[in-house]
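Hi,

Here is the structure I said I would pass on.

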Amino acid sequence: NEANSELDQAPALLRLSQSRILKNAAGLVTAVMEAASCGGHSALVRDLYTKALSEWPHPESLSIFQKAIAQMGEGVLANTAIREDFDLLNWLIDDVDTPFEWTWTSFSKAFKQSTGRIALYEWMKGRGLVEKLDPRRHSLLDPSPQPNDFEMARDSQMNAARVGDLGFLRALESEKGMRFIDWQICHAAARSRKWDVLRFLRLRENDSDTPPCCRWGYPDAPSLELRAFEILVMQKAHEPTNPMQTHLPQVPPSLQKPLQEFIRETLSHSQGMFESFFQQPPSCLCPLSWLPNRYSMGNVRVFIWLFEQADGEGKRQMKDYIRQRGDGLVRRLLEDAWGERVPGGFDQDMDDRPMADLRARGLGGLLQRAAVTREALERFCTWVEAEGLPRSLVIGGLKAPEHGWCCGGTGVRHIEVLLAEWTDTSLRPLLLEALT
């Protein structure tokens, strides 16, 4: 009403200006406090807050200024919780006139990034904050999260799996009845090599008396023994620095036939494999999952080992797959070997991928990866010939790299360079044949 009065327009504009100044000032204070809390400077956080209030020039709006800081201070709370600084957390809630306010954002950020989730959860439960954020008000720990909360709940589980926080996952299950079913949780644990977490999620009997086993690869291994072996294979495959020197486990006699049957089942689901980075991955007992693809250079050593474990029908299916796509697999391995190579230098007409990799890995890391990729290419080509598959698969793949940067747009020039560099490898006769 005052704003509509011509006489009162000036006071209304003044109040609007003061409101903006107040919000900007509160935002500045909380931003500096957030930076201090991120660095673990607890005393500085207290000093900044106290000094800001003592020097605020408008006593009549001091309480509004305090409230604005409390409402904008969720980042300060989250950082303090991540660092498990419970003294400062208590101060931010108990010892200030207007307590800082927990929000769904600060709560979820703290749980995602904290390595002490159990202690944080117990602190929040003791303060009555867990009840405040109940299932109907976006509770991260709700066993049946609302649709808007599902992504946040899953992210918390995935982060716990990624960092190996087994205690937090156990607490979610025992105290809140959480059920772990999303394959991405197992995928996060496997990529981070958190084998204890993976065993906790996967090694459960699928009956009514125990929580269900979390999904991982597709199709799901049908027995507890086979799921345990699946984890062991993945663990052994990632132990050595050089994946071509993997020492894979012996298959127990009781698992030989179930493994052969399961390999055949995984092969029947190979259609559409690796079409999307976001789709459920194939089981790591599927031999094709270890071949190079658009998302990974794979591990040819594991592929050949699983081929050896398969029965006659499984081997036939794999060889049929290679007949159809073998030249593309050789191309992809060659591209990786070329892209990672260092001897001879990088070509000026190639894109910046090699230099970006060099900056990221260092010269030693790049040389090692190039050697591993070359060895994988050698093993694959040797296996193709040993199994009586057409030699043209290898020759065709060596002749035709898929991407322009691989051959610099100059036909088979890459073969000439590799012949000069790979003088002592079994690939040399194949490269000579591809060049003619």
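Below are my notes on cysteines and salt bridges.

First, some ground rules: this is a predicted model, where local features need pLDDT of at least 70 and side-chain atom pairs count only at pLDDT 80 or more, while totals for chains, interfaces and linings use all residues. Residues are numbered from 1 along each chain as its sequence is written, and side-chain values use heavy atoms, with hydrogens and water left out.

Let's start with the cysteines. A disulfide is a covalent bond between the sulfur atoms of two cysteines; the search counted a pair of cysteine sulfur atoms within 2.5 Å. How many disulfides does a search of the whole structure find? The count is zero. Take C214: its closest cysteine sulfur belongs to C186, and at 3.6 Å that is too far for a bond. For C284, the closest cysteine sulfur is the one in C286, 9.8 Å away, so this pair is too far apart for a bond too.

Both C214 and C284 are buried, with relative accessible areas of 0% for C214 and 5% for C284. (Buried means under 20% relative accessible area, exposed over 50% and partly exposed in between, using a 1.4 Å probe and protein chains only.)

Now the salt bridges, meaning a side-chain nitrogen of Lys or Arg within 4 Å of a carboxyl oxygen of Asp or Glu. The structure has 15 of them, and here are a few to look up:

- K51 and E55 pair up with their closest N and O atoms 2.7 Å apart. E55 is exposed, at 51% relative accessible area.
- R202 and D220 form a salt bridge at 2.8 Å, N to O. Buried or exposed? R202 is buried, at 0% relative accessible area, whereas D220 is partly exposed, at 31%.
- E385 and R391 form a salt bridge in which the closest N and O atoms are 2.2 Å apart. R391 is partly exposed at 32% relative accessible area, and E385 is partly exposed at 37%.

Which residues are linked in a network of salt bridges? Look for E313, R316, D320 and R323.

Cheers
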